[in-house]
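Dear colleague,

I am passing on the structure below, and I would be grateful if you could look it over alongside my notes. The findings follow directly after it.

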Amino acid sequence: MAVKKEGRTMRDMFERMPMARLREIARESHEDHDPEAARVFVNRVLDMEVERRTWFAHENLGYQPFSSTAKLGESPGGGTAKADPLAMAYDRGIRIHSAHEEARQFLEYARLRPRNLLAALIQAAKTDRRVNGPWGKNYDQIAARIGYYAQMLGWPPGIDVSIEYKKGQAIQDAGKQARITLILLAKL
């Protein structure tokens with residue numbers, strides 16, 4: 001019991017730790033290396049990548065809050081106030097942090113097959129058991145509509161045949177392979 005409690009305390013400490021420090025401890029060459037740090041690091045990287053990808057989808061890239069038929073830069077109805085992108089970003093709140101970019105770069109460096117990356121991101125999106133909506137579906141239901149879920153995570157329409165899954169277990173297996181690769185990479 002004491003070992004389990006101590007392990008949970010360390011995991012909680014790793015989850016609150018800044019990403020750069022966590023990455024250092026995850027490395028096997030670090031004097032304070034802990035194998036649990038690599039697992040927590042990979043979980044956080046995948047969670048942050050899901051956040052980044054789903055937020056971009058809701059940011060409506062290319063959308064401008066003025067009419068294309070109004071005079072250039074005017075608001076709908078003919079006002080002269082220009083839409084200030086910085087003010088719009090401030091109103092929406094700054095959502096993308098530099099750590100999101102670091103997570104993206106780490107995943108890019110890992111060079112995972114698209115099939116495995118998609119599976120790992122799907123698993124990361126499903127980690128919260130209280131989730132409702134499309135991410136609350138079981139893996140078999142997700143596998144049946146993989147194109148829809150891939151688009152939600154930033155893949156272009158018309159998913160590649162090599163990414164398609166026949167059953168939900170294939171998503172879980174591909175996600176497990178991706179996590180193993182990422183954990184091994186985090187330890188380097």
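Leaving aside neighbours within four places in sequence, which residues is threonine 54 in contact with? In this model, which is predicted, threonine 54 is in contact with Met152 and Leu153 once those neighbours are set aside. Threonine 54 itself lies in helix α3, which covers residues 35–58, and its side chain reaches the backbone oxygen of glutamate 51 at 3.2 Å. Because its relative accessibility is 19%, and buried means under 20%, threonine 54 counts as buried.

As for the chain as a whole, there are nine helices and zero strands, and 36% of the 188 residues count as buried. The chain exposes about 12,200 Å², of which carbon and sulfur atoms supply 54%. Among the contacts with a separation of 6 or more, 67% are accounted for by residues 24 or more positions apart.

I also looked at one helix pair, namely α6 (residues 114–125) and α9 (residues 168–186), which pack at an angle of about 100° with their axes 7 Å apart. Since angles of 65 to 115 degrees count as roughly perpendicular, that is how α6 stands to α9. On the α6 side the residues making the contact include Arg115, Ala119, Ile122 and Gln123, while on the α9 side Ala170, Ile171, Ala174 and Lys176 are among them. Taken by type, the residues of this contact divide into eight nonpolar, five polar and three charged.

Note on methods:
Residues are numbered from 1 along each chain as its sequence is written. This is a predicted model: local features need pLDDT of at least 70, side-chain atom pairs count only at pLDDT 80 or more; totals for chains, interfaces and linings use all residues. Side-chain values use heavy atoms; hydrogens and water are left out. Axes are lines fitted to C-alpha atoms, for helices over the stretch in contact, and angles run from 0 to 180 degrees between N-to-C directions. Helices (H or I, at least four residues) and strands (E, at least two) are DSSP runs, numbered from the N terminus. Angles under 35 degrees count as roughly parallel, over 145 as roughly antiparallel, 65 to 115 as roughly perpendicular and the rest as oblique. Contact means heavy atoms within 4.5 Å. Ala, Val, Leu, Ile, Met, Phe, Trp, Tyr, Cys and Pro count as nonpolar, Asp, Glu, Lys and Arg as charged, and the others, Gly among them, as polar. Buried means under 20% relative accessible area, exposed over 50%, partly exposed in between (1.4 Å probe, protein chains only). Accessible areas come from the Shrake-Rupley method with a 1.4 Å probe; for residues, only the protein chains shown count as cover. A polar contact is a pair of N or O atoms within 3.5 Å; within protein, one must be able to donate a hydrogen and the other to accept it, and residues adjacent in sequence count only if both atoms are side-chain atoms.
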